[in-house]
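Here's a quick tour of how this fold is put together, with the cut-offs spelled out as we go. Have the viewer open and follow along.

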Amino acid sequence: MASSESLLPVSSQQDPLSDSRCDSIPESRKRRPIKVHLAVYSGFLLIALYVTLIITHGGSSPKNDVNDDTTVESRARLAGVSEKNNEHIWKLSNDLKGEAFAWNNTVLSWQRTAFHFQPEKNWMNDPNGPLFYKGWYHFFYQYNPNAAVWGDIVWGHAVSKDLIHWLYLPFAMVPDQWYDANGVWTGSATFLDDGSIVMLYTGSTDKFEQVQNLAYPEDPKDPLLLKWTKYSGNPVLVAPPGIGVKDFRDPTTAWKTSDGKWRITIGSKINRTGVSIIYDTTDFKTYEKHDTLLHQVPNTGMWECIDFYPVSKTKDKGLDTSVNGPDVKHIIKASMDDTRIDHYAIGTYHDSNATWVPDNPSIDVGISTGLRYDYGKFYASKTFYDQHKGRRILWGWIGESDSEAADVQKGWSSVQGIPRTVALDTKTGKNLVQWPVKEIESLRLRRKKFHMKVEPGTVVPVDLGPAAQLDIEAEFKIKKDDLEVVFGDDSVEDDKEFSCETSGGATVRGALGPFGFSVLADQSLSEQTPVYFYVTKGKDSKLKTFFCTDTSRSTIANDVVKPVYGSFVPVLKGEKLTMRILVDHSIVEGFGQGGRTCITSRVYPTKAIYGATKLFLFNNAIDATITASFKVWQMNSAFIRPFSADDLGVPSST
């Protein structure tokens with residue numbers, strides 16, 4: 001039994017259209033001859049600007065031959081999007097003292113995942129246009145073919161028979177037209193009535209303006225959809241009056257209206273109000289803009305990657321995007337460009353006037369206390385209706401939490417979360433539930449079952465061997481006598497202020513928590529990532545349960561963002577506390593109470609790697625004994641690889 005000491009306490013975004021943006025400094029280029037004194041004057045001016053930049057940024061030169069943060073910020077602002085790295089966060093961290101951590105190839109190689117989708121190399125971000133077609137699941141994604149940092153965005157493309165074992169295909173679309181010269185950005189697929197596909201996507205033009213474009217398969221008979229044709233009349237939509245040309249992106253999957261038209265929504269902002277603009281079309285080439293907005297929420301900033309879809313109030317099956325009716329609720333999800341958080345809300349859609357009304361305005365889209373798909377690292381998500389199995393599938397981009405220099409050194413950045421089914425929680429009616437697709441279970445190997453009683457202040461090693469690739473399903477029960485003591489003791493004060501993010505993580509002990517698992521831990525627990533429940537006595541003297549992940553001790557590296565994630569999770573009368581955890585090298589996905597609350601974390605151990613990875617069960621509560629019943633599977637690799645003729649049953653030509 002390991003010591004419990006390791007778990008105890010240890011001593012305004014700038015407007016991209018602004019004239020004052022810093023990316024206005026010109027790069028060197030050929031100039032017409034000018035007078036000598038003007039050349040000298042310009043030379044002094046450039047020297048002065050260069051010195052100013054050196055002073056402003058501490059005089060340090062970029063490490064690992066990567067551009068410094070100023071260059072990356074300028075590139076992102078020029079395009080009108082939020083920053084795509086964590087430099088500005090970890091550089092301000094109290095953990096960063098002196099030089100950044102000296103990563104080596106042994107550690108960096110271990111970070112590559114075994115069963116999460118990621119390209120062979122380089123940068124990846126938003127999921128695009130997922131669909132099922134002629135026996136194949138298709139996944140498109142934002143990809144930089146030239147570097148492990150954001151930029152030069154094309155559409156990567158992969159296919160799978162089961163959403164788990166992916167095969168890389170050639171790029172689907174590249175920036176080869178004026179209307180997408182600076183990037184083929186995020187888009188969505190729509191199936192028309194005849195089964196054909198149209199794809200709407202945002203292009204960043206040669207002037208860095210955001211426009212909407214139409215593309216369709218060159219050969220509809222091709223199950224791999226290898227070649228795409230861009231409509232000759234692109235762009236089909238430009239920013240309307242009153243909308244910034246860099247604030248107009250990410251068209252949704254279209255849905256049918258009651259009068260037979262197709263309807264889409266696109267994200268934007270008006271001053272600080274996040275908005276979803278509505279358009280109707282009959283041919284996807286010409287559009288009619290509605291005077292009203294689908295929805296808007298003040299002080300939430302730019303809405304990007306909007307998603308809009310129906311969920312059943314009575315069944316846990318998915319619905320086609322065009323379904324509506326009395327037994328249906330509609331979800332609006334928007335990715336908040338200011339905070340990099342995906343917020344959703346549940347409400348009622350009115351087809352007649354193309355508006356949507358939230359069930360609970362106090363937790364509307366983008367409000368800080370509102371609902372999230374995931375309380376960890378999860379952004380730019382996209383759902384699609386899987387007509388093959390009658391379910392709605394959610395994809396989410398899982399960015400890095402380390403430094404850009406480390407990403408460049410390892411040669412890749414970002415993964416995609418395991419695809420999840422998503423449905424309305426029919427027991428509560430107030431939240432969604434998400435769960436890894438059933439197909440992930442095909443990777444399960446050897447299983448071990450455990451039943452343990454864990455006393456307060458105890459840490460127990462779980463005998464597994466290496467624990468870098470795991471699927472854990474667990475349920476917990478608090479000893480009834482301990483609950484009665486806590487709730488019958490008036491000296492135990494109500495906990496009105498607990499928060500996963502601000503209450504100190506897994507080392508802070510309470511009467512009924514924390515308890516759970518420490519994953520990706522080394523033998524001495526000097527590196528560990530606890531995933532846990534924390535149960536409090538609410539102000540109504542009822543249980544209030546939180547589901548959290550603490551990455552603060554996940555690595556000794558200092559150039560890593562290491563927050564505590566989590567939120568309240570509904571637990572209904574008679575329910576046991578349940579969690580599921582997927583562990584895959586540098587990513588941990590946690591699902592509390594059947595997926596009512598989900599947390600995705602990126603972690604970068606330096607000691608808990610390869611054969612040194614361990615799993616521990618802990619109970620850091622002060623007063624409660626916990627009984628844990630759980631199953632743990634070692635997980636196989638998904639062996640994601642390039643597509644070959646053999647995958648179609650066609651003999652190889654070699």
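## Rings, strands and cores

Phe-139 and Trp-166 are both buried, where buried means under 20% relative accessible area, exposed over 50% and partly exposed in between, using a 1.4 Å probe and protein chains only. Before going on, the ground rules: this is a predicted model, so local features need pLDDT of at least 70 and side-chain atom pairs count only at pLDDT 80 or more, while totals for chains, interfaces and linings use all residues. Residues are numbered from 1 along each chain as its sequence is written, and side-chain values use heavy atoms, with hydrogens and water left out.

Now the rings. Rings of Phe, Tyr and Trp (its six-membered ring) pair if their centres lie within 6.5 Å; planes under 30 degrees apart are stacked, over 60 edge-to-face, and the rest tilted. By this rule there are 42 aromatic pairs. Two of them are in the table.

| Pair | Centre to centre | Angle between planes | Class |
|---|---|---|---|
| Phe-139 and Trp-166 | 6.0 Å | 55° | tilted |
| Phe-140 and Trp-228 | 5.7 Å | 90° | edge-to-face |

The Phe-140 and Trp-228 pair links distant parts of the chain, from strand β2 to strand β8, 88 residues apart. Strands here are DSSP runs (E, at least two residues), numbered from the N terminus. Phe-140 has a relative accessible area of 0%, and Trp-228, at 11%, counts as buried as well. Phe-139 and Trp-166 also belong to an aromatic cluster, together with Phe-117, Tyr-141, Tyr-143, Tyr-168, Phe-171 and Trp-395.

On to the sheets. Two strands pair if DSSP finds at least two bridges between them. Strand β8 belongs to an open, antiparallel sheet of four strands, in the order β5-β6-β7-β8. β5 (184-191) and β8 (228-230) each have a single partner strand, so one side of each is left without a neighbour in the sheet. β7 (residues 210-217) pairs with β8 over three bridges, and Ala-215 has Lys-230 as its bridge partner.

Another open sheet has six strands, ordered β24-β35-β26-β31-β32-β33, again with antiparallel pairing. Nine bridges hold β24 and strand β35 (residues 626-635) as an antiparallel pair, and Met-452 stands opposite Ala-628 there.

What about strand β14, residues 328-336: how many of its residues are buried? Nine of the nine are, so β14 is largely enclosed by the rest of the structure. Val-328, His-330, Ile-332, Ala-334 and Met-336 cover one side, with Lys-329, Ile-331, Lys-333 and Ser-335 on the other. Eight bridges join β14 to antiparallel β13 (residues 303-312), and seven join it to antiparallel β15 (residues 341-350). β14 and β15 form a hairpin with four residues between them, and Arg-340 in the turn has a positive phi of about 60°.

Finally, the cores. A nonpolar core is a set of buried Ala, Val, Leu, Ile, Met, Phe, Trp, Tyr and Cys residues joined through side-chain atoms within 4.5 Å. The largest one has 49 residues, and Phe-476, Phe-517, Met-579, Ile-581, Leu-615, Leu-617 and Phe-630 touch the most other members. Another core, of 28 residues, lies apart from it and includes Met-124, Phe-139, Ile-440 and Ile-640.
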